[in-house]
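Subject: Structure handover

Hello,

Here is the structure we spoke about, with the sequence. My notes on pockets, the cavity and one surface patch follow below.

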Amino acid sequence: MLNAQINKQLYQLIDNCHQIRVYLFEKRAGRIGGYNIYLFPNEPTQEIISDYQSNFIFYVKDKDVVDYSQTESKKDTIQKIACSELPLWEELKNLIDSMPFTNVPIFTIDKISNNIKIIITECILEDQSSVYLISKFSYKAAYGRKIRFALIGNSFKKLNKPVLTLGDAIDSFIYKDTAYILIESHFDTIFDFHKRIKDEVSDKIELINDWDFFDNNNIKLDIIDKPRKGRQFLKVINSDNLTTWKEKTPSERKALILGNEKLRDKFSFDENDKIIYSKNALNELFKLLTDDYFKSIITDKTEER
């Protein structure tokens, strides 16, 4: 009940938003580092504000709010983390706070480049507090080398310059001193959480040495320096099911896998009943050990989805 109340408070958060400012952050080149900040030029209409409100509800409503975990990530949840854990946010927030309301640096078409990394929409509420909707910006996804046309009047005309398009994704949002994560992979990229994952994987990777699951245990290269696979690895080694799986013999593991119709076609075995290693086999084993449905095979109590 408490979680439901928290969620309701969240998805109603920008209901009383009366003003929106959209900021684009350009990564500076060279040793200087840091970001330049620009303001999206159009004054948002009430219709645009309503679009942001509807989109925000779509991302937030009916999801459980849970504390951030580097290794646990479940569907239909919103992870929350203190802004003090995000050093970049302090830099971005300082740039936003220093942006004047008049004579602002406006984003113009000549500034479009692949150095634009982040878009932040500030929803200013009636009490003058703000909610910040944060999205990763992808130059290649938005433009690439495509031919661009626009409907001008009653005909299409070719555009010789890129067109800035704002997507509808919200990767995370910040309210007061808390960040809420909606699309984890993009959040990791924006706030450089990949490095945190990489460091922890490096500290824990030698734990693989006592695994006997595969016919070939040389699997570290398929995990090291691969953020998504590294996160899965951390989730596996922190799972109680890993201990249970290790206690079983290769033949017991094989029997459990072959006894499940969703798994039997995903693995191959050698003459010693060990899983024949491949990247796909590694991925399927990680899902087996952590997925809410598949991990129940370890207790021989599979459940219907």
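The second largest pocket holds about 870 Å³ of space; bear in mind that this is a predicted model. Its lining consists of 34 residues, and those closest to the centre are V22, Y52, I119, L166 and G167. Five stretches each give two or more residues to that lining: strands β1 (17-27), β5 (116-125) and β6 (130-136), and helices α2 (46-60) and α4 (139-142). Sorted by class, the lining of this pocket has 19 nonpolar, nine polar and six charged residues.

Searching the whole structure for cavities of 30 Å³ or more turns up one. The largest cavity has a volume of about 40 Å³. Its lining is made by D212, F213, P250, R253, K254, I257, F269, D273, K274 and I275. Five of these lining residues are nonpolar and five are charged, with no polar ones.

Last, the surface. F149, L151 and F156 make a nonpolar patch of about 380 Å². Is F149 buried or exposed? F149 counts as exposed because its relative accessibility is 52%, and the cut-off for exposed is over 50%.

Regards

Methods:
Residues are numbered from 1 along each chain as its sequence is written. This is a predicted model: local features need pLDDT of at least 70, side-chain atom pairs count only at pLDDT 80 or more; totals for chains, interfaces and linings use all residues. Side-chain values use heavy atoms; hydrogens and water are left out. Patches are made of residues with over 30% relative accessible area and no salt bridge: like charges are joined within 9 Å, nonpolar side chains (Val, Leu, Ile, Met, Phe, Trp, Tyr) within 5 Å. Accessible areas come from the Shrake-Rupley method with a 1.4 Å probe; for residues, only the protein chains shown count as cover. A salt bridge is a side-chain nitrogen of Lys or Arg within 4 Å of a carboxyl oxygen of Asp or Glu. Buried means under 20% relative accessible area, exposed over 50%, partly exposed in between (1.4 Å probe, protein chains only). On a 1 Å grid over the protein atoms alone, a cavity is a set of points where a 1.4 Å probe fits but cannot get out, and a pocket is an open set with protein on both sides within 12 Å along at least five of seven lines; lining residues have an atom within 4 Å of a point. Grid points are joined across faces, edges and corners, and a volume is the space filled by probe spheres set on the points. Helices (H or I, at least four residues) and strands (E, at least two) are DSSP runs, numbered from the N terminus. Ala, Val, Leu, Ile, Met, Phe, Trp, Tyr, Cys and Pro count as nonpolar, Asp, Glu, Lys and Arg as charged, and the others, Gly among them, as polar.
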